[in-house]
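Please read the briefing below alongside the sequence and the coordinates. It is arranged by topic, so that each group of points can be checked in turn.

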Amino acid sequence: MSGEVRALRRDLARKAVSLASSRWNADPKDVQRSVIKLVLTLVDFLRQLLERQAVRRLEEGTLDADEIEAVGRALMELEKTIHG
């Protein structure tokens with residue numbers, strides 16, 4: 001589990017550096033774009049976290065067949081929503 005947390009921290013740190021390198025412009029259109037980009041980044045991060053938890057539960061055998069199907073569909077829909 002701690003390996004998962006470390007990997008997520010590394011991913012988050014990389015994304016934070018990438019976001020920090022861009023300058024914020026006070027133009028209202030740019031603010032909206034920045035907020036949307038931030039929200040999508042956070043949602044994608046949460047999707048990755050949920051995906052890793054689902055894989056862990058699958059490997060541990062704590063999901064039944066219906067749960068596996070439901071989690072798989074939910075993750076695919078979320079991926080499709082995020083990445084269009």
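Predicted model: local features only at pLDDT ≥ 70, side-chain atom pairs only at ≥ 80, totals over all residues.

Residues are numbered from 1 along each chain as its sequence is written, and side-chain values use heavy atoms, with hydrogens and water left out.

**Helix H3 and its ends**

- Helices here are DSSP runs of H or I with at least four residues, numbered from the N terminus, and helix H3 covers residues 65-83, a run of 19 residues.
- From its first C-alpha to its last, H3 reaches 27 Å, close to the 27 Å expected at 1.5 Å a residue, where the expected span is 1.5 Å times one less than the number of residues.
- The N-terminal end of H3 is capped by Asp64, which places a side-chain oxygen 3.1 Å from the backbone nitrogen of Asp66.
- Just after H3, Gly84 adopts a positive phi of about 70°.

- Arg47 belongs to helix H2, which spans residues 28-60, and with a relative accessible area of 8% Arg47 is buried (buried means under 20% relative accessible area, exposed over 50% and partly exposed in between, with a 1.4 Å probe and protein chains only).
- Arg47 forms a salt bridge with Glu79, with the closest N and O atoms 3.0 Å apart (a salt bridge is a side-chain nitrogen of Lys or Arg within 4 Å of a carboxyl oxygen of Asp or Glu).
- That pair links distant parts of the chain, since Arg47 sits in helix H2 and Glu79 in helix H3, 32 residues apart.
- Glu79, at 31% relative accessibility, counts as partly exposed, whereas Arg47 counts as buried.
- Leaving aside residues up to four places away in sequence, Arg47 touches Leu75, Leu78, Glu79, Ile82 and His83, contact meaning heavy atoms within 4.5 Å.
- Asp44, Arg47, Glu51 and Glu79 are linked in a network of salt bridges.

**Salt bridges within H3**

- The count comes to six salt bridges, one of which joins the side chains of Glu69 and Arg73 at 3.2 Å, N to O.
- Glu69 and Arg73 both lie in helix H3, four residues apart, or about one turn of the helix, and Glu69 is partly exposed with a relative accessible area of 43%.
- Lys80 forms a salt bridge with Glu77, the closest N and O atoms being 3.6 Å apart, and these residues are separated by about one helical turn because they are three residues apart in helix H3.
- Lys80 is exposed, with a relative accessible area of 53%, while Glu77 is partly exposed at 44%.
- An α-helix has 3.6 residues a turn, so residues three or four places apart point the same way.

**Val43 and its contacts**

- Val43 is also found in helix H2, and its relative accessible area of 29% makes Val43 partly exposed.
- Not counting residues up to four places away in sequence, Val43 touches Leu78 and Ile82.
- Although Val43 and Ile82 are 39 residues apart along the chain, their C-alpha atoms are separated by 7.7 Å.

Notes
Helix = DSSP H or I, 4+ residues; strand = E, 2+ residues; numbered from the N terminus. Polar contact = N/O pair within 3.5 Å; in protein donor to acceptor, adjacent residues only side chain to side chain.
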